[in-house]
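Here is a set of questions and answers for a reader who wants to work from residues up to the whole chain. Please look at the sequence and the structure before reading on.

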Amino acid sequence: MTDTLVHLLAVQDLDTSITQLRHRRDALAETSGLAALEQELAGLEAERSEIAARRAALAATQKELEEQIGGISERRNVIEQRLYAATSSSGRDLQAMSNEVRHLTELRAELEELELVAMLDQDRVDAELRALGERSAPMEARAAELRAQVANDALEIDGALATAVGTRAAEAALLPPALAERYETLRSRLKGIGAARLIKNRCDGCHLELSSVEVEKIRALPPGEVATCEQCGRMLVPV
Ligand SMILES: [Zn+2]
């Protein structure tokens, strides 16, 4: 095999590994299981924010009830003070005032009941949040581990890529320009493989067998001339 063909195959092999390394790098989150875990965690986060919204609504209800209860207590105090001080009021006024006090007392008790319900509901929601936290904590820890692992693997792949890209450029520089151009054109058209090996009577680009006549013709080509696979159109290098 001429040096040119050795370099051509080297460029092809490096291009193939560069493509594989890039695919591996892009798929790291998927293959490590991180992507699936993050999706699961996003689901839990959606659940958590739904529960947190319910908790906020309950807290708002409780605050509103407290304010109403405060207002009612103040009004009742004012009326009670007037009632105690009302030495000269008529019996009807006194009756109206004590009715009002009774009404306000009942109303306050009802609101206090509602406030208690809102507080108990918040306790239940807090328990839901705790349970959710217990479920997500180990998953968060695992996700952190996987993120570190993915970052580490990505660094390793980047190192291998940088080396391969550098070697590829050096190898490609050794090819005659016309051959390099032919290779690039074929490679972009034929799924990343522009130069295939002829192994026995099979092209390893398309994996089809060539006739023995064709194989002999290719093996008899003068050095420096590059054969073409009749089946797939790739450059064919006998090995
Ligand atoms: Zn072929």
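**Questions on a predicted model**

Q: Is R197 buried, partly exposed or exposed?
A: In this predicted model, R197 belongs to strand β1. Its relative accessible area is 24%, and because buried means under 20% and exposed over 50%, R197 counts as partly exposed.

Q: Which residues does R197 touch, not counting residues up to four places away in sequence?
A: Leaving out residues up to four places away in sequence, the contacts of R197 include L9 and D13.

Q: How many Å apart in space are R197 and P222, C-alpha to C-alpha?
A: Along the sequence, R197 and P222 are 25 residues apart. In space, taken C-alpha to C-alpha, the distance between R197 and P222 is 17 Å.

Q: Which residues of α1 are buried?
A: Helix α1 covers residues 3-26, and its 24 residues reach 34 Å from the first C-alpha to the last, close to the 34 Å expected at 1.5 Å a residue. Within α1, the buried residues are L5, H7, L8, L9, A10, V11, Q12, L14, D15, I18 and L21.

Q: Against which elements do the buried residues of α1 pack?
A: The partners of these buried residues include two helices, α4 (91-172) and α5 (177-189). The packing of the buried residues of α1 also involves the strands β1 (195-199) and β4 (235-238).

Q: Which residues does Q12 touch, not counting residues up to four places away in sequence?
A: Q12 sits in helix α1, and with a relative accessible area of 3% it is buried. Beyond residues up to four places away in sequence, Q12 is in contact with Y183, G192, I193, G194 and A195.

Q: Is A118 buried or exposed, and which residues does it touch, not counting residues up to four places away in sequence?
A: A118 is part of helix α4, and its relative accessibility of 3% is under the 20% limit, so A118 counts as buried. A118 and E66 are 52 residues apart in sequence, while their C-alpha atoms are 11 Å apart in space. Not counting residues up to four places away in sequence, A118 touches L58 and Q62.

Q: How many Å apart in space are R124 and T61, C-alpha to C-alpha?
A: R124 is found in helix α4, where it is exposed, with a relative accessible area of 53%. R124 and T61 are 63 residues apart in sequence, and from C-alpha to C-alpha they are separated in space by 15 Å.

Q: How many Å apart in space are Q81 and A42, C-alpha to C-alpha?
A: Q81 lies in helix α3, which runs over residues 34-85, and at 56% relative accessibility Q81 counts as exposed. Q81 and A42 are 39 residues apart in sequence, and their C-alpha to C-alpha distance in space is 58 Å.

Q: Where does K191 lie, and is it buried or exposed?
A: Although K191 is not a glycine, it has a positive phi of about 55 degrees. K191 is placed in the loop between α5 and β1. Its relative accessible area is 81%, and since exposed means over 50%, K191 is exposed.

Q: Where is the place of H207?
A: H207 is a residue other than glycine, and its phi has a positive value near 65 degrees. Its place is in the loop between β2 (202-203) and α6 (212-219).

Q: What pattern does the protein chain follow, read along the sequence?
A: The protein chain holds six helices and four strands. Read along the sequence, these elements follow the pattern α-α-α-α-α-β-β-α-β-β.

Q: What is the radius of gyration of the protein chain?
A: For 239 residues the globule rule gives 18 Å, and the value for this chain is well over that, so the chain is more spread out than a compact globule. Along its principal axes, the C-alpha trace spans about 130 × 30 × 30 Å. The radius of gyration is 41 Å.

Q: What percentage of the 239 residues is buried?
A: The accessible surface of the protein chain comes to about 14800 Å², and 55% of it belongs to carbon and sulfur atoms. Of the 239 residues, the buried ones make up 29%.

Key
Residues numbered from 1 in each chain as written. Predicted model: local features only at pLDDT ≥ 70, side-chain atom pairs only at ≥ 80, totals over all residues. Heavy atoms only, no water. Rg over C-alpha atoms; globule rule 2.2 N^0.38 Å. Buried < 20%, exposed > 50% of the residue type's maximum accessible area, 1.4 Å probe, protein only. Areas by Shrake-Rupley, 256 points an atom, 1.4 Å probe, with all protein chains shown as cover. Expected span 1.5 Å × (residues − 1). Contact = heavy atoms within 4.5 Å.
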